[in-house]
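Trainee: Could we go through this structure together, a bit at a time? I'd like to begin with the core.

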Amino acid sequence: MFQLKNVTRQFGKKIAVNSVTFNIPQGQMVGIIGRSGAGKSTLLRMINRLNDVSSGSIHFGDLEVSSLRGAALRNWQRDCAMIFQQFNLVPRLDVLTNVLLGRLNHRSTVLSILNMFTREERIMAIGALERLGIEQTALQPAGTLSGGQQQRVAIARALMQQPKMLLADEPIASLDPLNAKIVMDALRDINERDGITVVTNLHTLDTARNYCERIIGMAHGQVVFDGQPQDLTSAAVAEIYGSGAELDESMTSTSINIPAAQDNTKSAGVKPLALAGL
Ligand SMILES: Nc1ncnc2c1ncn2[C@@H]1O[C@H](COP(=O)(O)OP(=O)(O)OP(=O)(O)O)[C@@H](O)[C@H]1O
Ligand SMILES: [Mg+2]
């Protein structure tokens, strides 16, 4: 069980997140929605401790996440992987190495400095790329991939952390509808098959409705809705996004509901393990 209790974050006089309290049982897929500036990113960043809380506490089971320091904090950041709108890959490094970087917190400093990865780690990295359907890109510089492929690399890197929780901050905001669907399907698959809790900020209401069993709506730093997609009435939507008459659901939606996603990144005849030098 993951718990936030009265979590608040101030930047100077600005209260970005204001006394947020909720629990997330292990294995839930949660979407966080709200207008720009509502505090969604700040909330996620406090969960994996890219930002500290100003007050309140965050617990994962018996662990008080919000007060961790040193090695315990690094262990938490390994257990709580995060992906971002802009992918945050190292563009000049090849895809395989980018994915292997997800192992850094699992390894000794010496091996890390030497940038040496074991055969098992390389096999694991290729497995992660295969799962995301992009193993044939393993030796390309990450910066040469399309946005959708780069986000899949970022997810593969996150999987290498063998996380208990996966946070995603607007993971599809820079992607076209086809790639958005591929990335959201991948997050759902990780949630369902691996039982990993997924918490994702989403700009688009329809994506949250389609993929998340629970939706948390934020406005002005506070939680103003917490429920299932079917409970998200137009009154609730108005409270989250503001009651401006100009708001309708189309403003907050993309056409992610395209039929069969055709994945043309698979190429026949490539031997993934050979790509990893194995
Ligand atoms: N490092 C910072 N320093 C000062 N103010 C900040 C900082 N980070 C966030 N804020 C402020 O906190 C508020 C919440 O920001 P946050 O980025 O969490 O919103 P958001 O809901 O993620 O918005 P968006 O949908 O645009 O990503 C905003 O008013 C923002 O300007
Ligand atoms: Mg944000």
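Mentor: The largest nonpolar core has 75 residues, and V99 and L129 have the most contacts inside it. A nonpolar core here is a set of buried Ala, Val, Leu, Ile, Met, Phe, Trp, Tyr and Cys residues joined through C-beta atoms within 7 Å. Helix 6 (residues 147-160) gives the most to this core, with seven residues. Helices (H or I, at least four residues) and strands (E, at least two) are DSSP runs, numbered from the N terminus.

Trainee: Before we go on, where does the model come from, and how do I read the numbers?

Mentor: This is a predicted model, in which local features need pLDDT of at least 70 and side-chain atom pairs count only at pLDDT 80 or more, while totals for chains, interfaces and linings use all residues. Residues are numbered from 1 along each chain as its sequence is written, and chains are lettered from A and ligands numbered from 1 in the order in which they are written.

Trainee: Okay, back to L129: which residues is L129 in contact with?

Mentor: Leaving aside its neighbours within four places in sequence, L129 is in contact with V95, V99, I134, E135, A138 and A156. Two residues are in contact if their C-beta atoms, placed from the backbone, lie within 7 Å.

Trainee: And how much of the protein chain counts as buried?

Mentor: Of its 278 residues, 41% count as buried. A residue is buried if 20 or more other C-beta atoms lie within 10 Å of its own, exposed if 12 or fewer, and partly exposed in between, with C-beta atoms placed from the backbone.

Trainee: New topic, the sheet: in what order do the four strands of the open sheet come?

Mentor: The order is 2-1-4-5, and the pairing is antiparallel. Strand 2 and strand 5 (63-64) are the edge strands, each pairing on one side only. Two strands pair if DSSP finds at least two bridges between them.

Trainee: How many bridges join strand 1 to strand 2?

Mentor: Seven bridges join strand 1 (residues 2-11) to strand 2 (residues 14-24). Among the bridge partners in strand 2, V17 goes with R9, and I24 goes with F2. The hairpin of these strands has two residues between them, and G12 takes a positive phi near 60° there.

Trainee: Why does S19 count as partly exposed?

Mentor: S19 counts as partly exposed because it has 15 C-beta neighbours inside 10 Å.

Trainee: Last one, the ligand: which residues are around ligand 1?

Mentor: The residues around ligand 1 are F11, K14, A16, G34, S36, G37, A38, G39, K40, S41 and T42, each with its C-beta atom, placed from the backbone, within 6 Å of the ligand. Helix 1 (40-47) and strand 2 each supply at least two residues of this shell, and helix 1 gives the most, with three residues.
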